[in-house]
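Subject: Handing over the structure

Dear colleague,

I am passing the structure on to you with this message, and my notes on what was found in it follow below. Please read them with the model open beside you.

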Amino acid sequence: MKAATTILVASLTFASTDAFVHGHSRAVAHSSLAAEPLESGSTVVVCTGPTCSRTGGKKALPIMKELAADIGVNVETFSCVSECAECGLGPNVEVRKKGDDGPFYPIKNRVKTEDDVKAVLGIN
């Protein structure tokens, strides 16, 4: 039983989730940063929790705000408390395309640089 639990925990640690849902995550395959251009009125949610901030999210947030504003995409923040499987893959950004009604949205991992932000927003 202990071995099965260890494998499950390890699997979840390296999995990607597709939603910032307080206290919950749903594991799915890791997705690349590349995206189609986001439509005006879409929203990105940037994790500002301790792990994501420390690994580059704090630097990526102002870049995200500036570039998203140029294309009419809203930027929100969410402060995860380092209890999800995503933390080791951060900084994390949830992408909510205009018209999507959730509750689960794709998560983009390792969004650290201006190029990463452009890829998430679908800016060439």
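Does C87 count as buried or exposed? At 10% relative accessibility, C87 counts as buried, because buried means under 20% relative accessible area, while exposed means over 50% and partly exposed covers what lies in between, with a 1.4 Å probe and protein chains only.

Before the rest, a word on the basis of these notes: this is a predicted model, in which local features need pLDDT of at least 70 and side-chain atom pairs count only at pLDDT 80 or more, whereas totals for chains, interfaces and linings use all residues. Residues are numbered from 1 along each chain as its sequence is written, and side-chain values use heavy atoms, with hydrogens and water left out.

Overall picture

The protein has 3 helices and 6 strands, which follow one another from the N terminus as α-β-β-β-α-β-β-β-α; here helices (H or I, at least four residues) and strands (E, at least two) are DSSP runs, numbered from the N terminus. Of its 124 residues, 37% count as buried. The protein exposes about 7100 Å², of which carbon and sulfur atoms supply 56%, by the Shrake-Rupley method with a 1.4 Å probe, where for residues only the protein chains shown count as cover. Among the contacts (heavy atoms within 4.5 Å) with a separation of 6 or more, 71% are between residues 24 or more positions apart.

An open sheet is formed by 4 strands in the order 4-3-5-6, with mixed pairing, where two strands pair if DSSP finds at least two bridges between them. Its edge strands are strand 4 and strand 6 (107–108), each of which pairs on one side only. Strand 3 (residues 43–47) pairs with strand 4 in the parallel sense over 5 bridges, and the chain crosses from strand 3 through helix 2 (residues 50–70) to strand 4 in a right-handed β-α-β crossover, that is, with the strands pointing away from the viewer, the path from the first strand over the helix to the second runs clockwise. Within this pair, V44 has V75 of strand 4 as its bridge partner, and C47 has F78.

Cysteines and helix 2

The count of disulfides, taken as pairs of cysteine sulfur atoms within 2.5 Å, comes to 0. The sulfur of C52 has its closest cysteine sulfur in C47, at 3.7 Å, and so is too far away for a bond; C52 is buried, with a relative accessible area of 2%.

T55, which is found in helix 2, is partly exposed at a relative accessible area of 31%. Its side chain reaches the backbone oxygen of C52 at 3.3 Å. Leaving aside residues up to four places away in sequence, T55 touches G90, P91 and K112, and the C-alpha atoms of T55 and G88 are 9.2 Å apart, although the two residues are 33 apart in sequence.

N92 lies in the loop between strand 4 (74–78) and strand 5 (93–96) and counts as buried at 1% relative accessibility. The side chains of N92 and N109 are joined by a polar contact of 2.7 Å, meaning a pair of N or O atoms within 3.5 Å, of which, within protein, one must be able to donate a hydrogen and the other to accept it, residues adjacent in sequence counting only if both atoms are side-chain atoms.

With kind regards
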